[in-house]
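Subject: Structure handover and notes

Hello,

Please find the structure below. My notes on what was found in it follow.

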Amino acid sequence: MRTLLQDLRYAGRLFRRAPGFALVALATLALGIGATTGVFSVVNGVLLQPLPYHDPAQLVAVQTSRTQARDDSMSAPDFLDFQARNHTLAAMAAYREDVFTLRARGVPIQADGALVTAEFFTLFGVRPLAGRFFGADDAKAGRALAVLSEGFWQREFGGDPGVVGRTLQLGGASYTVVGIAPASFAWPQERQIWALATRAAPEPPIATTEGYLTNRGMRYLDVVARLKPGVAPATARADLETIQTGLARLDPDEEAGRSVSVTSLQEQLTGDVRHVLLVLLAAVGVLLLIACINVAHLLLARATGRAREIGIRTALGASRTRLVRQLITESLLLSLAGGAAGLLMATWITAALVRLAPHSLPRLTDVHVDPRVAAFAVLISTATGLLFGLVPAWQVSKAGPSDALRAGDTRTGAGVASHRTANIMIVAQVGLSLVLLITAGLMGQSLLRLVDQDPGFHPEHVVSAQVFLPQTQYATAAAQTAFYERFLQRFASQPGAPPIAIAFPLPLGSGGSARASFQIQGQPEPPHGTRPVARMGIVSPGYFRVMGIPLQRGRGFTDAARDAPPRAVVINETLARRYFGGADPLGAHVDLGMGPDNGPPEWFTVVGVAGDVRTGSLRAAPEPELYLSYREFLLPFMTAVVRTDRDVGAVTSAVRTAVAAVDPNLPLGEVRTMPDVIAASVQQPRLRALVLGSFALLALVLATLGIYGLVSYSVATRTREFGIRVALGAAPGEIVGLVLGLGLKLLVAGAAVGVAGAWAVTRGLSGLLYGVTATDPLTYAVLAALLVAIGTVASYIPARRATRVDPMTALRSE
Amino acid sequence: MNAPAEALIKLDGITKVFYTDEVETHALAGVHLDIRKGEYVSIAGPSGCGKSTLLSILGLLDTPTDGRYFLNGRTVADLPPSERARIRNREIGFIFQSFNLIGDLTVFENVELPLTYRGMKSGERKQRVEAALERVGMAHRAKHLPSQLSGGQQQRVAVARAVAGEPLILLADEPTGNLDSRSGEAVMDLLRELHRAGATICMVTHDPRYARHAERAIHLFDGRVVEDMEMAVTE
Amino acid sequence: MDPIIRLANIEKSYPFGVGRTYVLRRIALEIREGDFVSIMGPSGAGKSTLLHILGMHDSAWEGEYYFLDQPVHRLKPKQRGELHKQHIGFVFQSYHLLDNLTVYENLEIPLSYRNVPRKERESMVADVLDRFQIVGKKDLYPSQLSGGQQQLVGVARAVIAHPKIILADEPTGNLHSAQGREIMALFKRLNDAGTTIVQVTHSEENASYGSRVIQLRDGWMVGD
């Protein structure tokens with residue numbers, strides 16, 4: 001114990017007297033351990049940790065879709081048929097996300113919620129924080145019940161347990177709160193209220209005259225299920241596929257060609273981000289590798305300098321075990337200090353990542369520094385430290401102390417061998433750093449190109465505000481249209497009111513989308529179910545002007561009330577080009593399938609051609625798009641857009657005033673400027689570029705330290721050679737050139753490895769790139785040159801030192 | 001024997017002091033010395049007397065703390081590093097106790113090294129290197145690495161390297177120190193031959209047998225010249 | 001009196017080309033307790049090599065070496081280490097003090113390797129600091145001392161664990177004559193007090209402090 005204390009004291013002293021070495025080693029370890037642990041914690045929380053529900057492996061999402069269309073939602077009758085006829089599912093529940101309006105603390109507010117079937121909570125197997133969840137008899141009795149999320153309950157009701165049993169007005173209808181869901185329950189994500197569907201399936205989001213329980217064409221439900229014990233997803237899929245085949249015979253129009261997918265809930269949740277997180281994880285693995293190489297390297301370099309000391313200690317009677325123990329103590333002290341600093345870094349990096357991450361990243365609440373991960377990183381780095389910390393003991397025990405004591409007199413084989421190892425490590429390190437740099441460079445370029453992409457409208461000076469209507473209160477299309485008409489009038493009647501319009505969807509917003517199949521009059525009717533599909537935009541007159549979308553041909557919508565047939569439709573350039581070829585679309589007639597099933601077509605007349613807009617994302621090329629007037633077809637989730645120079649606050653209050661004038665109980669949804677909306681739409685690529693960029697920067701720093709360390713080491717071991725060269729008349733410049741040449745050789749070799757590595761690796765990333773190819777020669781060349789330049793600067797410092805070698809000390813032999 | 005000529009080297013009150021935190025050590029305490037062209041001088045003295053320091057100052061590897069140093073009539077004490085390097089390269093040939101050949105270079109490349117620092121053309125370099133190796137009897141080992149040679153052979157290569165550039169003076173620091181007697185004698189014979197052919201040689205040794213090879217013996221003690229005598233050369 | 005050290009037929013060589021280069025040839029030598037031996041000879045004669053063999057730093061040789069009647073040539077490295085630790089103190093030409101340790105700690109090191117209890121260690125270090133009159137320097141680092149003072153510490157470190165024999169490799173080689181004389185006088189006193197000393201030296205003057213001179217030439221013992 002006492003010798004341990006003594007060894008510790010010596011080790012501490014050693015670091016104090018060589019603070020440069022200690023700092024570099026500590027920083028390296030801290031960065032390596034911190035970044036690894038931080039990113040792995042996020043990946044672990046989001047991807048790997050099982051969902052916090054009962055037996056989560058048995059939870060699945062069920063979807064049916066046609067291969068070419070993106071309609072993976074389910075209709076109510078389909079859901080009911082699957083529910084009744086399957087043999088493999090223990091339970092099945094349907095839900096639809098919805099926005100509820102309610103008054104809390106005296107003001108109207110909007111809450112994100114979901115309408116769910118009675119089986120929903122039981123299926124997940126979670127316990128309520130207070131009260132109870134929904135039961136089968138509630139649905140049978142047709143009770144209007146609601147469950148609140150823990151966060152919503154705390155925020156809006158101060159965590160008052162008396163809320164359970166109270167009645168809430170949601171969108172004008174009365175619901176009784178029966179329970180509070182625990183904070184860990186988040187399905188679907190970010191819900192604040194779950195309301196029980198009063199019939200066998202939740203009602204659709206749009207007012208409909210037809211029975212939604214029988215209309216198979218109306219697809220709006222998400223479905224989750226619990227597999228029976230021992231049943232695999234594939235078995236369940238086969239089971240449901242049999243039912244689907246039956247449905248296809250029953251209703252070929254809607255059901256033929258659909259296939260069933262059964263996906264584990266975990267995969268469903270994280271599918272989108274999986275790729276990105278795995279890329280990050282790989283990047284950080286590389287970083288840890290680089291850090292370990294650096295530590296190995298530093299210790300190796302130091303070993304050379306310490307051979308003499310170890311020789312003296314041996315000559316003074318230190319046994320091998322004693323020396324090994326001392327070196328282990330030093331390495332451990334270093335590793336543990338590095339580990340502690342690394343853990344500190346890890347908590348920072350984790351917190352930073354969680355803060356930077358888009359809210360759409362699922363399960364962020366599950367992210368915390370994972371002790372196992374931290375232990376892993378500390379273990380790896382400690383092992384590295386120990387392994388290479390013992391090198392001096394090994395070298396001396398091989399060569400014998402008398403050689404070490406006359407070190408410099410002889411060139412030892414071990415020195416040359418470890419030199420080669422060190423060179424290989426540096427080349428690897430430079431290569432890995434370049435791979436990271438190039439990856440980050442490509443991501444960064446993608447982001448820049450994306451942000452530079454013309455969205456097809458002028459976002460500056462446009463403010464958007466969600467004005468959503470509760471369907472319980474505004475049950476019919478007529479009532480909804482009336483509200484929006486009056487709202488637009490009220491707004492326009494305010495003195496100095498700027499131009500306003502309403503639209504669904506908001507371009508680049510996250511509020512969903514609508515699509516319609518269409519048929520152009522005079523063109524051959526395609527076989528059933530293969531009509532072309534276009535995005536649908538529902539807008540008020542003035543929308544194109546407010547958004548700055550150019551009308552290439554014809555006109556927009558007029559303020560006239562609903563026209564007598566033929567009614568007006570505006571198409572975008574892509575649709576015109578793709579489906580009209582060279583023909584003039586103006587005046588052409590289009591059927592949108594809006595009439596009753598099997599009825600005669602309802603013809604719309606093309607009155608204008610609008611410029612293409614990137615509606616879904618900046619990334620995707622514009623799709624064919626059809627615009628209808630909100631008086632023709634309406635969804636109660638319209639967003640108002642206002643073009644104004646005034647600030648957001650003023651616009652918000654003007655919109656709020658107009659809404660309140662029509663319906664004082666209606667809350668205003670999210671208000672954002674269009675530039676903000678665009679920025680949010682590129683949050684994922686931005687995060688990717690940012691995080692990879694920081695890693696690449698760290699890697700660059702580490703590699704630079706590595707180069708510096710290696711060249712210093714090399715200069716230290718070649719003192720004698722430099723001494724000889726100086727004695728023979730080498731000018732300082734020649735010595736500098738010699739050392740720089742050594743650094744440069746390694747850098748160029750490393751750059752070559754890195755370019756090859758990046759070429760192999762980034763091809764897997766082409767899905768994440770935009771406007772730049774994975775093998776963009778300019779990116780490769782510029783970053784490789786940058787790395788070589790920085791590395792050369794790093795080797796210049798020891799090169800200068802080499803010129804100051806005192807030749808006499810170097811040349812004199814004992 | 002060469003007729004005494006003008007002073008090739010003139011040291012005037014050279015001192016060298018090393019400082020540590022607490023103490024200053026006088027390695028050289030005022031050395032006055034003239035070496036004429038064509039002389040063969042040995043410097044002797046006990047360990048720690050300052051021989052090596054003196055030699056490194058003569059070789060422009062070190063600067064004196066005080067005093068003046070004229071080489072070939074020109075003061076060289078305060079030249080910039082690159083100029084000192086140039087003089088080392090052209091005017092001085094070093095022979096070390098531990099040979100100090102560069103292990104990664106062949107015999108030929110080792111001898112060639114000082115010539116490359118002059119920017120000499122490769123044809124001329126080749127010719128000079130071959131001549132120098134021929135002179136020391138090592139032409140047949142030109143392609144070998146130093147580790148393939150015995151100590152005596154390595155020292156011959158080092159001598160070839162020192163003379164290849166045709167320097168004004170050869171400085172030898174215990175050239176036989178790492179050699180057995182027979183190889184030592186051979187190297188000393190080589191130096192004597194060079195001297196006969198006109199080379200100026202200044203050699204540090206504390207082996208009295210070898211000091212006798214020189215025609216002038218300087219004795220150094222505690223940083224001072226305490227004896228300087230011309231000797232009859234024993235053949 | 002029994003010899004401390006008895007060498008018979010010690011040879012050391014390196015393979016070179018097809019043959020071998022010999023550093024030591026057929027060395028036979030006895031050193032008795034209380035001897036003060038100087039090993040002399042020109043550079044390259046094998047003096048230091050012989051000393052390192054005596055000090056058991058070097059184990060690549062052939063022949064017989066008895067240390068206090070123990071056959072060193074037959075001992076395992078660990079046993080050699082024990083023997084060395086117990087009985088031998090070493091002094092180097094370039095001092096070889098540990099730069100990162102204070103004078104006090106440098107002196108303490110051989111004791112800690114011999115598992116001397118802390119109390120005893122303190123008194124032994126204090127004692128030697130007194131004897132060598134370097135109490136005032138105990139908290140300084142080697143770089144803060146002159147060469148002579150460093151060698152003083154080097155000798156103090158060699159004697160601190162009360163070795164039977166001190167081996168010194170050109171102990172005054174890096175010193176001024178006055179400092180060198182001081183160190184030699186110190187050896188003389190230690191020898192008078194009963195410690196056996198073997199030194200390698202170039203200097204006749206240093207050898208005159210001793211009682212016996214061994215001449216080496218090209219690896220052969222040519223005089224005793």
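Two residues are counted as in contact if their C-beta atoms, placed from the backbone, lie within 7 Å. By that rule, 16 residues of chain A are in contact with 22 residues of chain B. On the side of chain A that touches chain B, the elements giving two or more residues are α21 (719-727), α22 (732-762) and α24 (807-811) of chain A. Helices (H or I, at least four residues) and strands (E, at least two) are DSSP runs, numbered from the N terminus. The residues on this side of chain A divide into 9 nonpolar, 2 polar and 5 charged. Here Ala, Val, Leu, Ile, Met, Phe, Trp, Tyr, Cys and Pro count as nonpolar, Asp, Glu, Lys and Arg as charged, and the others, Gly among them, as polar.

This is a predicted model, in which local features need pLDDT of at least 70 and side-chain atom pairs count only at pLDDT 80 or more, while totals for chains, interfaces and linings use all residues. Residues are numbered from 1 along each chain as its sequence is written, and chains are lettered from A and ligands numbered from 1 in the order in which they are written. The model scores ipTM 0.79 and pTM 0.73.

Chain A

Chain A holds 24 helices and 23 strands, and its C-alpha atoms fill a box of roughly 110 × 60 × 55 Å along the principal axes. Of the 814 residues in chain A, 47% are buried. A residue is buried if 20 or more other C-beta atoms lie within 10 Å of its own, exposed if 12 or fewer, and partly exposed in between, again with C-beta atoms placed from the backbone. Among contacts in chain A between residues at least 6 apart in sequence, 83% join residues at least 24 apart.

The domain assignment gives domain 1 (1-55 + 289-405), domain 2 (67-257), domain 3 (408-454 + 682-814) and domain 4 (470-665) of chain A; such bounds come from an automatic or database domain assignment. The C-alpha centres of domain 2 and domain 3 of chain A lie 57 Å apart.

Two alanines of chain A

Is A:A696 buried or exposed? A:A696 is buried, because 25 other C-beta atoms lie within 10 Å. A:A696 is in helix α20 (residues 683-717) of chain A. Its C-alpha atom is separated by 5.1 Å from that of A:L436, 260 residues apart along the chain. Leaving aside neighbours within four places in sequence, A:A696 is in contact with A:L436, A:L437 and A:A440.

A:A620 is in the loop between β20 (603-610) and β21 (625-629) of chain A. A:A620 is exposed, with 10 other C-beta atoms within 10 Å. The C-alpha atoms of A:A620 and A:Y770, 150 residues apart along the chain, are separated by 9.5 Å.

Chain C

The mean pLDDT (the predictor's confidence in each residue, from 0 to 100) of chain C is 88, and 99% of its residues reach 70 or more.

The buried residues of helix α6 of chain C are C:Q179, C:G180, C:I183, C:M184 and C:F187. Seen down the helix axis, these fall within an arc of 135°, so they line one face of α6(C); the arc is that of the directions from the helix axis to the C-beta atoms. They pack against α5 (147-159), β8 (196-200) and α7 (204-207) of chain C. On the other side of α6(C), C:A178, C:A185, C:R189 and C:D192 are exposed.

Regards
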